[in-house]
Amino acid sequence: METPILRVDTLKKHFRSSSGLLGGKTALIRALDGVSMDVSREETFGLVGESGCGKSTLGKTILGIYRPTRGSVIFEGRDITHLPRKEVVKVRKDIQYVYQNPGSSLDPRWKVKKILAEPLLIHTPARGAAVEKKVEEMMDAVGLTPQQLSLYPHEFSGGQQRRLGLARILTLNPKAVILDEPTSGLDVSVQATILKLFTDLKSRFHLTYLFISHNLGVVQMMCSRVAVMYAGKIVEMGQTSRLFAEPLHPYTQVLLAAIPLVGKRKEEGLLLSGEPPNPADFPSGCRFWPRCSYREERCTIEEPPLVAVEEGRAVSCHRFTGSRA
Amino acid sequence: MDRSPDTLLLNIERLSVHFHTDRGLVRALDHADLRIHRGEVLGLIGESGSGKSTLARSVLRILPLSARIAEGDLSLSGEDLLAMKESDLNARVRGRGITLIPQDPFTSLNPVFTIGTQMEDIVKWKGSAGIGHGPPGEKVIEILERVQIPSPRDQVGKYPHQLSGGQRQRVLIAMALLPGPDLVIADEPTTALDVTVEAQILQLMKSLVLGKGISVLFITHDLGVASQICHRIVVMYAGQDMEEAPADVLFSQPRHPYTRELLESLPNPEGTIRDIPGEIPNLIQPPPGCRFHPRCARSTALCTQALPEKKAMAQGHWVRCLYPLES
């Protein structure tokens, strides 16, 4: 098998939070608690889950924005987990991060031309006409015009600002792009336009996407493989088509059943009660057991490992661990 | 007051609302109609700038100062809301006859008062016709039980930040139902929530309003959510009402080109991405006639001349389009 472009091995990121005015009590927030996965070259790998499940923390830890507590991140065969500052900058050129709201990550006082040129001036030796040419090329690639380079970010619509965010990172010819909730807050028709653009850019620039989203419909459409996260862990992972057709983990089942689809009346029995656990105080055993309709006694004691159940499919649930009754 | 079903509760006719801004006159609503019957959940769907929130705010007459109702009629149970005095609106309509479930459970509660205090204030100022007899504290407990807040007696002393987003949204629903309103305006009530919590809230809203004689104006940009809870749906685009139909008919047999394009732009498992060419128009200089015409494949010169009249397609189904799609 081809070596993956990105490998994440038992990655953990714990935060300390202090509560109380003087920070007397500290709590350990286990935002990311042992995640392993491989992303193949030029695939779109989906990361889904609800607020607080750790999907954004995973994206940011891969990029080195957060220092991992434990575990490693391997990019193109090289361990990038504990690189010195100087080296981190080089890796960031190859792995780019697109934030949820690119509008707020564009400097309002700068013209678009300057915004798009900045990464080139920092990361590459290109200057003058070469920079200008590259910037114009990228405007064209994302469906904007070189004439718009003299405008300020606020003169663009929400959808166009997302295009600008993409143009900015593409100037550096990244290999992998982490898209963090790339369509949240967009109207459906604008969302469709942006998704189309992602697909075009991917084939044109041979990109690998890590697609982080809570929108399952979008993930189903865009991703070849998907990992479902719950309470800082991956609970199920597999080919998107297989996983959506036959979800195995009880959480995946209720998550998919909860999607409000046009014309689909819900099966009321599959409604999930309760809310995700507090990451400072996870339940013992499987983190999903308090909300799980299949729970048994061992689920409350023993944490189920993520085990392969078929080719390319893994689930972390005692119903699928070897010794089930 | 007539509480039987099929009675017209809210009637909006040819409502136009303009905003006066530094850049010019924003024509946010253009001759929009809306009718809600007693006990009915009416979905108002549309993308940003479609005018759905402006319409809802007009009903409560809580438009910003820069807005002016330029034309139209607005009545609740036959009573003219546009002619009503502010003092009457406050005494009988706002927060009493019509209540609001806001979009964002994280900012819509007062952070410095407990849940119990905020709810007892409603009992005090807006009444509690939605609940039985007893002291205010007991009424609050009872309504919290109805919205399925676990052990409500332990919750009333809590501050909003001590509750999760889903629980806060339940509290806001309880607050909206407490005065026993005729109409609840739900403005994107699940947009800020995760999908499993959203499913719980939709289920809860259904159980609390369906068959209880309460009407709901359900505003959403999410067609999937609308299809779960609404009886009828009105589709808006750039300040104009484009189509109205029973929910199942609208989704299976849309007749307005915009409605169909909107449905086709939803994510689908086949992975074919369809978008609507062009952008939402600027409402300072909106396209003349049908505002969708610049993006519409079926448009002709006639579409630019005037706002199309409503054309009946079937019982309870109309479109504002000169060239509706075949069924």
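**Figure 1. Contact range and overall build of chain B in the predicted model****.** Take the contacts in chain B between residues at least 6 apart in sequence: 67% of them join residues at least 24 apart. The model is predicted. Chain B holds 10 helices and 12 strands. Its radius of gyration is 20 Å, close to the 20 Å that the globule rule gives for 327 residues, so chain B is as compact as a globular protein of that length. Along the principal axes, the C-alpha atoms of chain B fill a box of roughly 65 × 50 × 45 Å. Of the 327 residues of chain B, 48% count as buried.

**Figure 2. The side of chain B that touches chain A****.** Here 33 residues of chain B are in contact with 30 residues of chain A. On the chain B side, the elements that give two or more residues are helix 7, helix 8 (223–229), helix 9 (247–252) and helix 10 (257–264). Helix 7 of chain B supplies the largest share, 6 residues. By residue class, the side of chain B that touches chain A divides into 13 nonpolar, 14 polar and 6 charged.

**Figure 3. Helix 9 of chain A against helix 7 of chain B****.** From helix 9 of chain A come A:Val254, A:Leu255 and A:Ala258; they meet B:Val195, B:Thr196 and B:Ala199 in helix 7 of chain B. The residues of this helix contact divide into 5 nonpolar, 1 polar and no charged.

**Figure 4. Surroundings of B:Leu60****.** B:Leu60 sits in helix 1 of chain B, which covers residues 52–60. Leaving aside residues up to four places away in sequence, B:Leu60 touches B:Arg94, B:Ile98 and B:Leu100. B:Gly116 lies 56 residues from B:Leu60 along the chain. The C-alpha atoms of B:Leu60 and B:Gly116 are separated by 25 Å.

Technical notes:
Residues are numbered from 1 along each chain as its sequence is written. Chains are lettered from A and ligands numbered from 1 in the order in which they are written. This is a predicted model: local features need pLDDT of at least 70, side-chain atom pairs count only at pLDDT 80 or more; totals for chains, interfaces and linings use all residues. Helices (H or I, at least four residues) and strands (E, at least two) are DSSP runs, numbered from the N terminus. Two residues are in contact if their C-beta atoms, placed from the backbone, lie within 7 Å. Axes are lines fitted to C-alpha atoms, for helices over the stretch in contact, and angles run from 0 to 180 degrees between N-to-C directions. Ala, Val, Leu, Ile, Met, Phe, Trp, Tyr, Cys and Pro count as nonpolar, Asp, Glu, Lys and Arg as charged, and the others, Gly among them, as polar. The radius of gyration is taken over C-alpha atoms; the globule rule is 2.2 Å times the number of residues to the power 0.38. A residue is buried if 20 or more other C-beta atoms lie within 10 Å of its own, exposed if 12 or fewer, and partly exposed in between; C-beta atoms are placed from the backbone.
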